[in-house]
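Colleague: I would like to learn how to read the surroundings of a ligand. Could we go through one example together?

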Amino acid sequence: MTGGEIRPLRIVVFASGRGSNFAALLAAQRGGAPIEIRALLSDKRTAPALLLAENAGVEAIALAPRDYADRASFDRAIFDRAAQFTPDLIVLAGYMRMIDAQVVAPWIGRMINIHPSLLPKYPGLHTHARALESGDTVHGASVHFVTAELDGGPVIAQVEIPVARGDTPEALAARLLPLEHRLLVACVDLIARGRVVLAGHAVELDGQPLRAPLRPLAAQ
Ligand code: GRF
């Protein structure tokens, strides 16, 4: 490695379904982002994300929760598998399971999640419908460091979209998704460059605690 270059950030991605956020990370790697996606892990044997990984030459591994005695055993197994790839960062990209607090603990500061709401609003499921039911005029997505609290860890960055009259949950989700992809890639890039870290409970950018979530797509 010569001066100025950085070692690619080793990433393991967890996904339960379609995998469009995973695909965005693959595209970023192909496009020269300083990342090395080492594996895709899933809790669903039928997840389309697994095929995306195989087609991209990335190791694809599925573990079935029903093969384990309880949630904590499954979580230990899938995180042990992830650890074999010695990731610098685990990215939860549409990973639809709660994770045991003791399993999360050693990964705090080294695991992020993309969530389709403006956290702290609407942790959990059905975020688009809940935003519409509340009459929100603005909706969005967040990337945050993962802690034991579901969708409750320190937020790194957000993207906003206006809610239009007559929007449905499906329409909102469809408008938000391409921005989620860009948001996730932007956050991973900042972490890969060592610019964003978790220091205690605070997200830092370039050594300074964030006062509010970053808006990396705002100026574009
Ligand atoms: C995304 O909306 C993500 O924010 C949420 O689940 C969805 C996953 O989509 N957590 P995909 O599997 O990445 O296409």
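Colleague: How far is a backbone N or O atom of Gly19 from an oxygen atom of the ligand?

Modeller: Keep in mind that this model is predicted. A pair of N or O atoms within 3.5 Å is read as a polar contact. Here a backbone N or O atom of Gly19 is 2.8 Å from an oxygen atom of the ligand.

Colleague: What is the distance from the side chain of Arg18 to the ligand?

Modeller: An N or O atom in the Arg18 side chain lies 2.5 Å from a ligand oxygen atom. For Ile114, a backbone N or O atom is 3.3 Å from a nitrogen atom of the ligand.

Colleague: How much of the ligand does the protein bury?

Modeller: The protein buries 87% of the 370 Å² that the ligand exposes when taken alone.

Colleague: Where does the ligand sit, and which residues surround the ligand?

Modeller: The ligand sits in the largest pocket. Around the ligand are Arg18, Gly19, Ser20, Asn21, Gly94, Ile114, Pro116 and Glu180. Sorted by class, this shell has four polar, two charged and two nonpolar residues.

Colleague: Now a residue in a loop. Is Gly166 buried or exposed?

Modeller: A residue counts as exposed over 50% relative accessibility. Gly166 is exposed, because its relative accessibility is 69%. The loop that holds Gly166 runs between strand E7 (155-162) and helix H6 (169-192).

Colleague: What separates the C-alpha atoms of Gly166 and Leu132?

Modeller: Those C-alpha atoms are 9.5 Å apart, while Gly166 and Leu132 are 34 residues apart along the chain.

How values were computed. Residues are numbered from 1 along each chain as its sequence is written. This is a predicted model: local features need pLDDT of at least 70, side-chain atom pairs count only at pLDDT 80 or more; totals for chains, interfaces and linings use all residues. Side-chain values use heavy atoms; hydrogens and water are left out. Helices (H or I, at least four residues) and strands (E, at least two) are DSSP runs, numbered from the N terminus. Buried means under 20% relative accessible area, exposed over 50%, partly exposed in between (1.4 Å probe, protein chains only). A residue is near a molecule or strand if one of its heavy atoms lies within 4 Å of it. A polar contact is a pair of N or O atoms within 3.5 Å; within protein, one must be able to donate a hydrogen and the other to accept it, and residues adjacent in sequence count only if both atoms are side-chain atoms. Accessible areas come from the Shrake-Rupley method with a 1.4 Å probe; for residues, only the protein chains shown count as cover. On a 1 Å grid over the protein atoms alone, a cavity is a set of points where a 1.4 Å probe fits but cannot get out, and a pocket is an open set with protein on both sides within 12 Å along at least five of seven lines; lining residues have an atom within 4 Å of a point. A molecule sits in a cavity or pocket if more than half of its atoms lie within 2 Å of its grid points. Ala, Val, Leu, Ile, Met, Phe, Trp, Tyr, Cys and Pro count as nonpolar, Asp, Glu, Lys and Arg as charged, and the others, Gly among them, as polar.
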